[in-house]
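Reader: I am new to this structure and would like to know what stands behind the terms used for it. Please show it to me first, and then take my questions in turn.

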There are 4 protein chains.
Amino acid sequence: MRIAVGGASGYAGGELLRLLLGHPDVEIGALTAGGNAGTPLGRHQPHLLPLADRVLADTTTENLAGHDVVFLALPHGHSAAVAKELGPDTLVIDCGADHRLVDQDDWNRWYGGEHAGTWPYGLPELPGNREKLTGTKRIAVPGCYPTGASLALAPALLAGIVEPDVVVTSVSGTSGAGKSLKPHLLGSEVMGSASAYGVGGTHRHTPEIAQNLGRVAGTTVTVSFTPVLAPMPRGILTTASARLTEDSDVEEIYREAYADEPFVHVLEDSWPATAATLGSNAVQLRATVDRDAHRLVVVAALDNLTKGTAGAAVQSMNIALGLPETTGLTTVGVAP
Amino acid sequence: MRIAVGGASGYAGGELLRLLLGHPDVEIGALTAGGNAGTPLGRHQPHLLPLADRVLADTTTENLAGHDVVFLALPHGHSAAVAKELGPDTLVIDCGADHRLVDQDDWNRWYGGEHAGTWPYGLPELPGNREKLTGTKRIAVPGCYPTGASLALAPALLAGIVEPDVVVTSVSGTSGAGKSLKPHLLGSEVMGSASAYGVGGTHRHTPEIAQNLGRVAGTTVTVSFTPVLAPMPRGILTTASARLTEDSDVEEIYREAYADEPFVHVLEDSWPATAATLGSNAVQLRATVDRDAHRLVVVAALDNLTKGTAGAAVQSMNIALGLPETTGLTTVGVAP
Amino acid sequence: MRIAVGGASGYAGGELLRLLLGHPDVEIGALTAGGNAGTPLGRHQPHLLPLADRVLADTTTENLAGHDVVFLALPHGHSAAVAKELGPDTLVIDCGADHRLVDQDDWNRWYGGEHAGTWPYGLPELPGNREKLTGTKRIAVPGCYPTGASLALAPALLAGIVEPDVVVTSVSGTSGAGKSLKPHLLGSEVMGSASAYGVGGTHRHTPEIAQNLGRVAGTTVTVSFTPVLAPMPRGILTTASARLTEDSDVEEIYREAYADEPFVHVLEDSWPATAATLGSNAVQLRATVDRDAHRLVVVAALDNLTKGTAGAAVQSMNIALGLPETTGLTTVGVAP
Amino acid sequence: MRIAVGGASGYAGGELLRLLLGHPDVEIGALTAGGNAGTPLGRHQPHLLPLADRVLADTTTENLAGHDVVFLALPHGHSAAVAKELGPDTLVIDCGADHRLVDQDDWNRWYGGEHAGTWPYGLPELPGNREKLTGTKRIAVPGCYPTGASLALAPALLAGIVEPDVVVTSVSGTSGAGKSLKPHLLGSEVMGSASAYGVGGTHRHTPEIAQNLGRVAGTTVTVSFTPVLAPMPRGILTTASARLTEDSDVEEIYREAYADEPFVHVLEDSWPATAATLGSNAVQLRATVDRDAHRLVVVAALDNLTKGTAGAAVQSMNIALGLPETTGLTTVGVAP
């Protein structure tokens, strides 16, 4: 299986390559970039030693064509055009947002420009998704925040034990913002600081969370989402809550919901920490009831670059190609 | 004004001394400790050079007596006994939890043991508190989380524009946990990781938040509180939200609420970051409306050791003694 | 190949298990601990999900016996007794210091107690070592600092282009100190701070560095070594220098020295950063000449827990057992 | 005393303003910037609340004129032109490199362009400097690395107990690099990583260190200098060593050398950590002898933005103006 990666000099591209280097069934073909085209990969990804001397090509359809699988880790709005020309036999996996949203109005409001359409959604743990991924040639990889929020709340909404009105605060490492050269992402600004952004429901991942949860709940779900930037390179810690509508054994509901999932681990004795998921494709989560506040509270930890992006892409690729779903992925984190 | 500090080798004690060294009206007298008694302060607080050679005395009433002001930064449950013997003429400022809660049942449930009584509460920004602090000889310094959560939500509850049912997620630096030698507080565990604890309404600061907000709202306020540990030594970033009951100009409500407060700064263009408050007594906050979720969302940043503990103690001392409230304190943080 | 790990709840033990979980030729047998015996591994190593429910046994010879390979990640001084009883057919790999030093006087001065003897040294990149490791049943894993310092300076000393008098400053992450519950290792103390320790030639790794370099140089090498603690969980960045005795093409000398080494990568365009080696068994290094100071300067980066400890152990095991040397190891780091 | 700051939106400018806000004898006048002119200071320095609404003017001589003191925190090469037009009655304090080097050839080699001349050097702790600063109208503020290296080695060179051939490795926080938008300074790259740069004697602070030490030693001093970037916003930890030429009581030599210095503190029981100096103007250092290596080893910690830049500027201003040298400065750090 020959694969290509468009956007190989960024963080998502780097993580894709890290995982693909350890995948037994793939051979790494073209690596492309935008402004970094013409330079060796080693300059941008010094941790990928086996590919250090590979020179980045331009991100064009020609360079990406001729592979069995093409991963796109491009800025939002760039995938559709590339995908169209790659033909229906190529498996195209889009790590950007272009093909995630179903609703045309959502797309117009949150992203704008022409809506490129909706592809099978690479979060196989949500009901119905795994089936749609099987054999598909087009995959939309979920956003990192929606992955945590959706997995944290889906079992409760599916069980109908909470109101369809959820509050989510997600603490994220800085790599979620990519390699953008912005002052607030400088190490000097980030270290020692926690800061909020996209407050008041203005973050673009909000409609994606609502879409996922609404499908699971069978009704519109109201989502209050606040992202927080924390001084760490990777990791998302999601805290999610919703008012309970009935008394239930939430621990049992969550245990059962994920009993057969290879990458979702329900903790029993401790609360999730992102460090335990570093570099792994695992989500560690736990749910409980706050009896005073009559709310379900769920905490989920994951690596935004692995399960939150590149790991989900590889996992979905495995499903699409009929490979064992866990091939090339691990639940073992790099800690401490 | 001669002051003494009980618990001078801990983080709260160190921050008290840092501030008091810059306070023009105080002279630093006895410094006491528990297990560290007999050792020089410099071994535990290498940043307090002017006091490096001071030898720590035992935390006994005898050693603390004879001062105009005694700050207690002791483990919970230890302040009451000491305070009792210090006499009514000494200003005793308790940084612990012993004298914060009003309700006997709350005390029994969350801390247990004999309830030592309730002292004027050192959060002068909440209505009525400043008056009670004036001239008092006993002050209960608020917990660090309740400071952020209360200041974030009080204006809205006072204005009656939200339901008395709030959700708070607070991201904290590690110094909030003190110098406890526990594995999960080791640098190797903390760096690169965000983790939740006290999930499901089990953190002891929950009833204190509810008490503050209930007094402001004039009714019982339900509080869902989740603390998150982030990889930074200091700082609390509070995200708080509640369902709106009416359409209001929340920015104006917050601006007016804190217009005369020297230490609460309402941001207009940006969202708070804890780094901007490092070492300062300022709270930086901002409120907005999430129109899709029909919720008020407020974000507040503060330094848990300064405004969250030692700064509040000094600010309250100033009020109690009739000094200008801002003496020895600053709104200027140490950044980057 | 059944393996056992003694000291499985510590950082070295955890890293051994992380690597061994990905090793195709081993099956993980007994896991033992000291004070943590009787508790599940998941409590101490939440990143090792596949082993989360394994209960730690006591570190006794009985529990460790009956395996093909036994890794010992015990406090210094505990390995010898265990190893003695395991019998000559078991491959015993000691991650502690007990069997590294050759000189009895060195042992007495730096560690004391009975000298347990000297085992083949698990740094195959130094001349002669790989041969001694082949087929051996006893391996002494190098210290993390000696690995960086030795690889940084060996080619120059072997080529005879520098005086046998070297200066080394190594910046290390905190996991090198293990899970010791000491105040200076708390996250609050470590984050935002760089600090020196073991200054003036007092760190126990000093004689090990001198031993390695002396063997390579064929003469006594004087080592001035200063370790520095930096605010990161993992990684060692070694800066090493020595006065040049002749004009040479040091870049060529280093390139040749490591041309055939799978885990030592000589950089050409950039200087090493520890992040690029996180979780990998690679050493990234580069040498240059300071013409004004007439010194060779070398910088080397590695992960102290992987190539610095557990990776070296697995690499050496592979050699000892006749497996391909790179089995279960990678040169790909987890970054950013 | 009315002061102006040129370059107020950068890190050095921000630190100058933080200190000057607490200086009892100054009034803050014009604040200027390059590309950020026209924007409010609060956008760039959210920690300087009292100045948040000040709008940055262009960095022109007109805007800076008419003040008693002008601080220049400009890119290298920009100060000379501005200073020339400010007139001889204005105290001009240059935080850049333009006026530090004495030797024309050094200037040509390391910076290039026209040499603007040499001003009194703002490191009063070196012999002769304090006298030259008294009453001066022009001050060159030292580089951050030279401050640590010079204070670490000057006493030994002055006492003649070491060879004039020194090795210095300095671990620095990222703010030393300023607010430059470069990929390697992004938080995602910096956190969790130590990296070397300017290796092999290529860092521009090298000739400045050599100049300082040469003047003290009365002979040419060879300097091998390696800077290391560590994951912290502030702080420099310098490790410096040199071969001893005679047996001496180095601890006594250092104690005496700095006995009367208000900002240099010689530790006796512990080794320096940068966190203890955060935001303070103190240097904490300690010297020892490595008997095996026959070397003096010194470790010094300071805050690169305070004593390393802005604090030195204020300290030197105090001397130049005849104010008490410590006015507006502290030896108390903000820790943990």
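Reader: How many Å² are buried between chain B and chain C, and what part of that do carbon and sulfur atoms give?

Author: This is a predicted model. The area buried between chain B and chain C comes to about 1500 Å², and carbon and sulfur atoms give 66% of it. On the side of chain B, the residues that lose the most area to chain C are L181(B), L186(B) and M191(B), together 42% of what that side buries.

Reader: What makes residues of chain B and chain C count as in contact, and how many do so?

Author: Contact requires heavy atoms within 4.5 Å. By that test, 18 residues of chain B touch 18 residues of chain C. Helix α8 (residues 187-190) of chain B gives the most to this side, with 4 residues. By class, the side of chain B that touches chain C has 10 nonpolar, 5 polar and 3 charged residues.

Reader: How many salt bridges and how many residue pairs in polar contact are counted between chain B and chain C?

Author: The count is 0 salt bridges. For residue pairs in polar contact, both at pLDDT 80 or more, the count is 8.

Reader: What rotation superposes chain B on chain C?

Author: A rotation of 180 degrees, with 0.0 Å of shift along its axis, superposes chain B on chain C at an RMSD of 0.0 Å. The C-alpha of G187(B) is the one in chain B nearest the axis, at 1.7 Å from it. The same surface serves both copies, as 100% of the contact residues of chain B recur in chain C.

Reader: Why is the relation of chain A to chain B that of a two-fold axis?

Author: Chain A can be laid on chain B by a turn of 180 degrees and a shift of 0.0 Å along the axis, with an RMSD of 0.0 Å. That is the relation of a two-fold axis.

Reader: How do you know that chain A and chain B meet through the same surface?

Author: Of the interface residues of chain A, 100% are also interface residues in chain B, so the copies meet through the same surface. The contact takes 43 residues from chain A and 43 residues from chain B. About 3400 Å² is buried between these two chains, 59% of it from carbon and sulfur atoms. In chain A, the residues losing the most area to chain B are A194(A), V199(A) and D292(A), together 13% of what that side buries.

Reader: Why is the pair R243(A) and E163(B) called a salt bridge?

Author: The cut-off is 4 Å, from a side-chain nitrogen of Lys or Arg to a carboxyl oxygen of Asp or Glu. In R243(A) and E163(B) the closest N and O atoms are 3.8 Å apart, so the pair is a salt bridge. The rule finds 6 salt bridges across the interface of chain A and chain B. It also finds 13 residue pairs in polar contact there, both residues at pLDDT 80 or more. The largest share of the side of chain A that touches chain B comes from β9(A), with 6 residues. That side divides into 21 nonpolar, 14 polar and 8 charged residues.

Reader: What makes β3 and β6 of chain D edge strands?

Author: The open sheet of 6 strands in chain D has the order β3-β2-β1-β4-β5-β6, with parallel pairing. Strands β3 (57-58) and β6 (138-140) each pair on one side only.

Reader: How do you know that β5 and β6 of chain D pair?

Author: Pairing needs at least two bridges. Strand β5 (residues 91-94) of chain D and β6(D) have 3 bridges in the parallel sense, so they pair. I93(D) has I139(D) as its bridge partner in β6(D).

Methods. Residues numbered from 1 in each chain as written. Chains lettered and ligands numbered in written order. Predicted model: local features only at pLDDT ≥ 70, side-chain atom pairs only at ≥ 80, totals over all residues. Heavy atoms only, no water. Helix = DSSP H or I, 4+ residues; strand = E, 2+ residues; numbered from the N terminus. Buried area = accessible area lost by both parts, 1.4 Å probe. Polar contact = N/O pair within 3.5 Å; in protein donor to acceptor, adjacent residues only side chain to side chain. Nonpolar A, V, L, I, M, F, W, Y, C, P; charged D, E, K, R; others polar. Least-squares fit on C-alpha atoms with pLDDT ≥ 70 in both.
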